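Please look over the sequence and the model shown here before reading on. The paragraphs after it go from the whole chain to single parts.

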Amino acid sequence: MTQRSSSAPAHVGVLGGGRMGAGIAHAFLLAGSRVTVIERDEIAADAAAARVLSSVDASISRGTAHEAGDAYRARFETGTDTALFAPCDLVVEAVPEDLALKIDALTRVEAAIGPDAALASNTSSISIDELAATLDRPERFLGMHFFNPVPASTLVEIVRGAATAPTQVDSACGWIHALDKTPIVVTDAPGFASSRLGVAIGLEAIRMLEEGVASAEDIDAAMTLGYKHPVGPLRLTDIVGLDVRLGIAEYLAAHLGERFEPPTLLRRLVAEGHLGRKSGRGFYEWDA
């Protein structure tokens, strides 16, 4: 995968079929790729299939997908064995934001894919160079940071590691254009560009709520109405997951200093199991 392309890869693999992985699979399916999603067990694989195909059906209903449902289903499969990635042109790792977990996932995928396949991580904060150091072919590895929710987001952050081949970056940008999304290219650094800025705003919003500056609703309104953000930082934290944001903040604090130290309120809510939309409660109440 070394030539610039204006079309999606013929066969894309996604490791992890949660919200982000399913969204990535959905995007490539709609762009014409064959897609294989691998999960940890059959139950998780079935749940991932339901997630992806439900999203595809919703796109068909909205008129944003241009094939019949059967055509998408014919190009889609799930499983539990990374050996199914062997024919893929690109595999995107989309497991939870944990360094050890991602290293294990990426090394397993690398062992399964062909010599010309590209390998990407959907990490939102972990160093691409740190991950690449564990791989045999770091020149074909890069970050492809999709945003939640993937179907609605038009941005993908391409993270170029020190060893990433320039042609691989060019190919990735072409693939993202094929998804009708816009790529931005950033050099590997803690939090890249998007997470570093987004987390900084989110953490300050949590501190303001903690200090009683304003309610969650009013803090969010300040950003949506005053700065035209599509969603406020506290509601966005609920959507992303308070546990996810805590993990990213801890990683950034370790690498960039105390300005990213997680607020006590964030730690307390996560400890109590209030993780945002996925648990039904975070800074807001959500329907189960």
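Residues are numbered from 1 along each chain as its sequence is written, and side-chain values use heavy atoms, with hydrogens and water left out. The pLDDT is the predictor's confidence in each residue, from 0 to 100. Its mean over the protein chain is 94, and 98% of the residues reach 70 or more. Over residues 1-5 the pLDDT is below 50, and this stretch has 15 contacts in the model beyond near neighbours in sequence; a contact means heavy atoms within 4.5 Å. Where pLDDT is low, the predicted coordinates should not be read in detail.

The protein chain has 11 helices and 8 strands. Both are DSSP runs numbered from the N terminus: helices are H or I with at least four residues, strands E with at least two. The radius of gyration, taken over C-alpha atoms, is 19 Å, close to the 19 Å that the globule rule (2.2 Å times the number of residues to the power 0.38) gives for 288 residues, so the chain is as compact as a globular protein of that length. Buried residues, those under 20% relative accessible area with a 1.4 Å probe and protein chains only, make up 51% of the 288 residues. Among contacts between residues at least 6 apart in sequence, 67% join residues at least 24 apart.

Helix α10 covers residues 242-256, which is 15 residues. From its first C-alpha to its last it reaches 20 Å, close to the 21 Å expected at 1.5 Å a residue, where the expected span is 1.5 Å times one less than the number of residues. The buried residues of α10 include L242, L246, A249 and A253. An α-helix has 3.6 residues a turn, so residues three or four places apart point the same way. The partners against which the buried residues of α10 pack are α5 (128-132), α7 (194-210), α9 (233-240) and α11 (264-271). After α10 comes G257, with a positive phi near 110°.

Is I128 buried or exposed? It is buried, with a relative accessible area of 0%. Leaving aside neighbours within four places in sequence, I128 is in contact with residues including F141, V159 and F192.

Conventions
Predicted model: local features only at pLDDT ≥ 70, side-chain atom pairs only at ≥ 80, totals over all residues. Buried < 20%, exposed > 50% of the residue type's maximum accessible area, 1.4 Å probe, protein only.
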